[in-house]
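Please have a look at the model first.

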Amino acid sequence: MVEHALGEQETKFANLIWDHAPINSTELVKLAADVMHWKKSTTYTMLRRLCERGIFANENATVRVVLTREAFYGSQSRKYVEDTFGGSLPQFLASFIGGKGLSDTQADELVRMINEHKRGER
């Protein structure tokens, strides 16, 4: 499995791409200069890293998404639960809720999601 963990600046840049993709690489350089105050070389270095990790692709001067934001953060969340709670979603939820309790709306949404994603009961 490819490691997708990103540092703070990589995350900001990835979000910039997700928000504007597909985008011409020249336009991305201008956008990164405006938003992140990066030089052209920094933008292309960071883009190359993210492309090597399989998150984006730069083909014919067009940067496109390979791994969606949702898929990326879903993968990160699953890895966190696996590494921190031995893969136990109930342990994660108990820790996350941590005595604060859930609103009726939150509880209903969790029940809906659980029922929607149960395996072997359809």
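Which side chains meet in a salt bridge at 3.6 Å, N to O? They are those of Glu8 and Lys12, where a salt bridge is a side-chain nitrogen of Lys or Arg within 4 Å of a carboxyl oxygen of Asp or Glu. A word on the source: this is a predicted model, in which local features need pLDDT of at least 70 and side-chain atom pairs count only at pLDDT 80 or more, while totals for chains, interfaces and linings use all residues. Residues are numbered from 1 along each chain as its sequence is written, and side-chain values use heavy atoms, with hydrogens and water left out.

Glu8 and Lys12 both belong to helix H1, 4 residues apart, about one turn of the helix; helices here are DSSP runs of H or I with at least four residues, numbered from the N terminus. Glu8 is exposed at 58% relative accessible area, whereas Lys12, at 44%, is partly exposed (buried is under 20%, exposed over 50%, partly exposed in between, with a 1.4 Å probe and protein chains only).

Asp19 forms a salt bridge with Arg69, the closest N and O atoms being 2.6 Å apart. Asp19 lies in helix H1 and Arg69 in helix H4, so this pair ties together parts that are 50 residues apart in sequence.

Within helix H4, Lys79 and Asp83 meet in a salt bridge at 2.9 Å, N to O, and they are 4 residues apart, about one helical turn. Lys79 is partly exposed at 29%, and Asp83 is exposed at 54%.

Finally, Glu109, Arg112 and Glu116 are linked in a network of salt bridges, and the count by this rule comes to 9.

How values were computed. Helices (H or I, at least four residues) and strands (E, at least two) are DSSP runs, numbered from the N terminus.
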